[in-house]
Every structure is written in structure tokens, then in C-alpha cells.
Amino acid sequence: MRDTNIAIIGIGNLFRSDDAVGIKLAQLIRDQVPNYVSVHTNVQSESDLMDVWKNIDKTILIDAVSSGKKSGTIFRLTQTDLENLDPKELVFRCSTHDFNLLNGIELAKIFNTLPKEITVYGIEVKTTEHGTECSYEVQQAIPVVLQQILSELNLSMNRSFETNLSMIREENNARS
Amino acid sequence: MASTKTKTIKVNYLTRVEGEGGLYVKYRGQEVLDVQLQIYEPPRFYESFLRGRKFSEAPDITSRICGICPIAYQMSSMHAMENAVGVTLQGPHRELRRLAYCGEWIESHGLHIFMLHAPDFFGLHSGIELAKQFPDIVNKGLQLKKIGNEIMTLVGGREIHPVNFKVGGFYRSPTKAELLKLKDQLVWGRDVAVEAAHWVSKLNFPNYEEDYEFVSLSHPSEYPINEGRIISNRGLNISMQEYEDHFEEKQVPHSTALQSVIKGRGAYQVGPLARFNLCYDQFSPLVKQVAESINFKPVCNNPFKSIIARTLEVLYCFDESLRIIDNYTPPTEPYLQVPVKSATGQACTEAPRGMIYHRYAVDADGLIEHAKIVPPTSQNQLMIELDLKKFIQPQFHLSKTDLEMQCERMVRNYDPCISCSAHFLKLKLEEDTTS
């Protein structure tokens, strides 16, 4: 029995192409994790974040990023990185209505609900136009981020998970 | 000597409002030449793509107009469809709808009071900055909003774009035990709302008043949410079905939202301040007691004080939700049968930010032939522009940054939901033949 509760949160909009990458990654990981890891794909406001983070020790957030870097670039940010981040430098794409991830983290800090350990994975977008498919560049990043997150949690892939990954890889190869 | 040079203030992207809009003010010296609330959120064509859809789909389609106030659109479309075929919901069906709407008011008002509007009164730029200064009240405010969401989830199936509403009632009605689970939170929320009303009443309000025509629904036995006659402080008193005889929408080139006016009179205000001024007597005894203790009674003509009216409405919604839950007995069937026939129906309900109007014409197969939706922000849009013109006129001594902030403050008094109001814009091309 572990004494650490972990929350994985995928953020984005499923209908805005690459903006969906956070949710798609979280959906892929959902069935592969033990019960001390909760996976959330419906966080839409700061108060949703606070709710998810109640009694959580470690959290991993996955979101689309628009920073001008090469599409598909993977960012991994720790809490220290986030504290030193220039908000103008890296824009996390989240829903409208003035909610963004950095604001949520800031509020959680103020209300003392921030988990002890926080990691943010960001994937640089190519497009956020209307659509349900991620771009080729972002698709390629998906299996890489999945593996990184599993390693971070000291989890190994189960068989169906590996099948999922191979399907993504095959699809990517076919598209390339 | 006053400058004669023409200057403009442009706020390209209004923050802390729902949706995408901007502001354009042109002035010369101390004289405002032009004010435009520019709603450039793309047109959304809802009224057009409702055509040809089944009447029963209207609540689920119109729900998508807004993620903050979906229930306002669902309720208005259901009531209009029911009005068309002569079905009236009563008893627990009506009470459940009112409960869901209370949830939406709490959620929407909670967001606006604590995250969007209150920062203005401290010269702050965001809810985050406000939370740093007032962590306790902002944290509680967000908890209030969350309880509103929970009511919507319990009655509507989910908090954003609920799925449990149908023309004639509900797909499933909750049990008494399910509703009672909310009770402790509602009692807590009611106490916090009292505290919040005291907090907002002590804010520092600009000294600005306008002789508004306020418009809201009015019901003989309850604070207006679901239904009522349309009244104003200038003698309007009409049924919901007479709406289009007295109100019209006009297209302006700078906005994708149509602007509503009262025929022959012009701009008017809908929303919490209008309801408060016109229907104060229908508040519950607790709300009236709190209003008296903070010395906030009708008539209030200061739009900045809408934050107090909004907070009293949050308190009312907690009180009303508790009343509904205590008296609730589940309906025998979750919904009433609704006949399909060729008919036209209208309805108004009170969205958090003001009265909303829907009209549908349905053919003999139950397919929608025509839809008309007038959201509250369309109705407030012209009033916002007039207020801006008057409010900033004496303030041109301020720096441009401060002037911009003052303009944004005035807009936020109305809690505009720009996403809701962006309609199809009809283009009329006119050739200028003058030389």
C-alpha cells in the first residue's frame, strides 16, 4: 500500500486539434495506472484544480503549449521551473474565460492546496484550428511523453498499453 | 484651453468578460465623439442551424451557446416549446427546474463577483491578485461557485452543458435522498453568502448614477427566475408573448451581436440590478434582512453596485434551493408527454446576467422552422455604450492606461457574456454616390 496519492490531469479542448493533446494523453494513460493514481480530463477552472488537488501529494499536468518552438517539442517543467517562468515566454493553451494553468497553480499556492510535487508536461502545438485530429508532429510526441510519465511513476507498460503505443507509432509511420 | 485634437482609446481585448470583445472610444478635448463596444466574437449561426432540427433537440443545441449559463438557454427553449403546444409544468417538475437555475445563478454570479468583478474595486488586474490580498473570501467565493456547479450536476446530469433536461420535464428526476445530500453544503453556502454580501457592500463605489429603464420578469409569488410578466420602471407590463411588439433588435456595424432597444424609447438595462430594483419585495425574508443590514435597498441607479445585487441573488438562490429541497417530493414520472403539432411558442426566463427571450416556430412534424434568441448581453449592449460615454467624459484628465481601466470597469458591471450574444451579422452593402 502506497502512502502517496497521485493525480494526472490532461487539459485542453478535444475539438481544437493539437490543443487536445493533454486530454488524449491522459485518456491513453487512464486504464494503465493503479488505484492510487487518479486521472482527470474534465478540469475546466481553477476551482476544479483545487478540488482535484485535495489530498494529493504529487500531480502531473499535461497541456498543449504555444511558445514558438518547433511543433511537437516536449517540455517538462518542475515546480522550480514554473516559479521562474516568464508567463509571456510560454503560453499554456487552456479554455477561455480567463482560466489558465499558471493561474490555477498560483491560486493553489495562495490557498495552500498545491501538491508537494508538481510536474507539467507541455507539448508545442502546430495548430489549434477546429478539428479532432492532432498534427503529425504532435502525434509523434505522444508515445514519448507517455513513456516519460510512466517512467516517472515507476510503472511499466502493460500489454494493451504497448499495443496502443504501437498503433500510434504505426499510424505515424504511415503518415510520414 | 482644451485640446481640439481627436484621440482614441482602444482596448483591443477586454479581459475578465466571457468571450471576445473590444472597446473603441473616440473623443476630442472633453467631448466623447463615439463609443463602440466591439463584439468581434465570430457569428455562431445558432438560429440558423436550429432550423430543420426536431423541437426536442432545442434544449441540447441551445445549451451549447454558453458554458457559463447553459441552463438559461435550455430553460428558455423548453419553456418556449411547451408554450407552443400548451403544456405547463407544475409541482416538482417546475421546482426542479428552478433548483437547477438557482445552481446556475450561484455558479455564474460566484465567478463574476469574486474572480472578474471584485478585483476592479481594488485596482487589481485579476482574481489571482485579489486572492493574494483576500485569500479567505476568494477561496470561499470559489467554493460557492462549486456548490452551484454541484446543483447543476445533480439536477442536470453534468455542470457544463447539462444533459438531463427535455421538453416536458427531465430524462430522470432525482430522488429526495440525492437532493438532501446537498443540504449541508447549501446551509454553509448560505452563511458564506451573507458574509459575502457584507464584504461587497463595503467596497468603494464610484459616484455614478444613471436614470435607467430597468426591465425584468416579475412573478406574483416568487423572485423572477423561470417565468413572469415583463415589466419596467417606466410602465412596461406585458406578457412574454408580447415581447416582440415592444422590443426590437438592431444591427450595428461594429458588433456581431445585435443591439436590442425598447421600441420608441431606446436603451434599457436587464440583469441583477434590474431584478433587484423591480422585484425586491419577492426576496425571501432572510435576503431582505441582510439587504437592510447593509443598507442596500431599491432604487439603486449605480451600475457599479450591481455586485451587491448579484451577491444578494446568490444568497437568495441558496435560500431558495434549501426551500425546494426541503419541500421536494419526486414527480411520478420524470416528464410529461408533449404533443407534436404545428405551433409557435415564446418564453422569457432570467439568465444570471438578465432576461433572455426565445421564440420558435415548429411544423406539423415537430421540426423547427424558425428560431429567434435574444440573449441578455444583446439587450445591455447599447446601455453599456451610453454608460461609457457618460462615465468617462469627466475623466479625461486621467492617463490613457487609467482611462482604459475605467472603461473596462464600466463594461464589467454588466457581466457581459459576449459568446452568447454573437449572432449572425447581416451585411448590407451600400454604395456611396456622393462625390
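**Cavity and strands**

Modeller: About 60 Å³ of space lies in the second largest cavity. This is a predicted model, with local features needing pLDDT of at least 70, side-chain atom pairs pLDDT 80 or more, and totals for chains, interfaces and linings using all residues. Residues are numbered from 1 along each chain as its sequence is written, chains are lettered from A and ligands numbered from 1 in the order written, and side-chain values use heavy atoms, without hydrogens and water.

Colleague: How many cavities of 30 Å³ or more are there?

Modeller: Rolling a probe the size of a water molecule over the atoms shows where empty space is left. A cavity is a set of points on a 1 Å grid over the protein atoms alone where a 1.4 Å probe fits but cannot get out. Volume is the space filled by probe spheres set on the points, joined across faces, edges and corners. The structure holds three of 30 Å³ or more.

Colleague: Which helix gives the most to the lining of the second largest cavity?

Modeller: Lining residues have an atom within 4 Å of a point. Helix α3 (residues 70–85) of chain B leads, with three residues; helices are DSSP runs of H or I, at least four residues, and strands runs of E, at least two, numbered from the N terminus. The lining includes Phe55(B), Met81(B) and Lys341(B).

Colleague: Why is strand β3 of chain A largely enclosed?

Modeller: Eight of the nine residues of β3(A) (residues 58–66) are buried, so the rest of the structure largely encloses it. Buried means under 20% relative accessible area (1.4 Å probe, protein chains only).

Colleague: Which strand does β3(A) join by eight bridges?

Modeller: Strands pair if DSSP finds at least two bridges between them. β3(A) runs parallel to β6(A) (residues 117–124) over eight bridges. There, Ile62(A) has Tyr121(A) as its bridge partner.

Notes: On a 1 Å grid over the protein atoms alone, a cavity is a set of points where a 1.4 Å probe fits but cannot get out, and a pocket is an open set with protein on both sides within 12 Å along at least five of seven lines; lining residues have an atom within 4 Å of a point. Buried means under 20% relative accessible area, exposed over 50%, partly exposed in between (1.4 Å probe, protein chains only).
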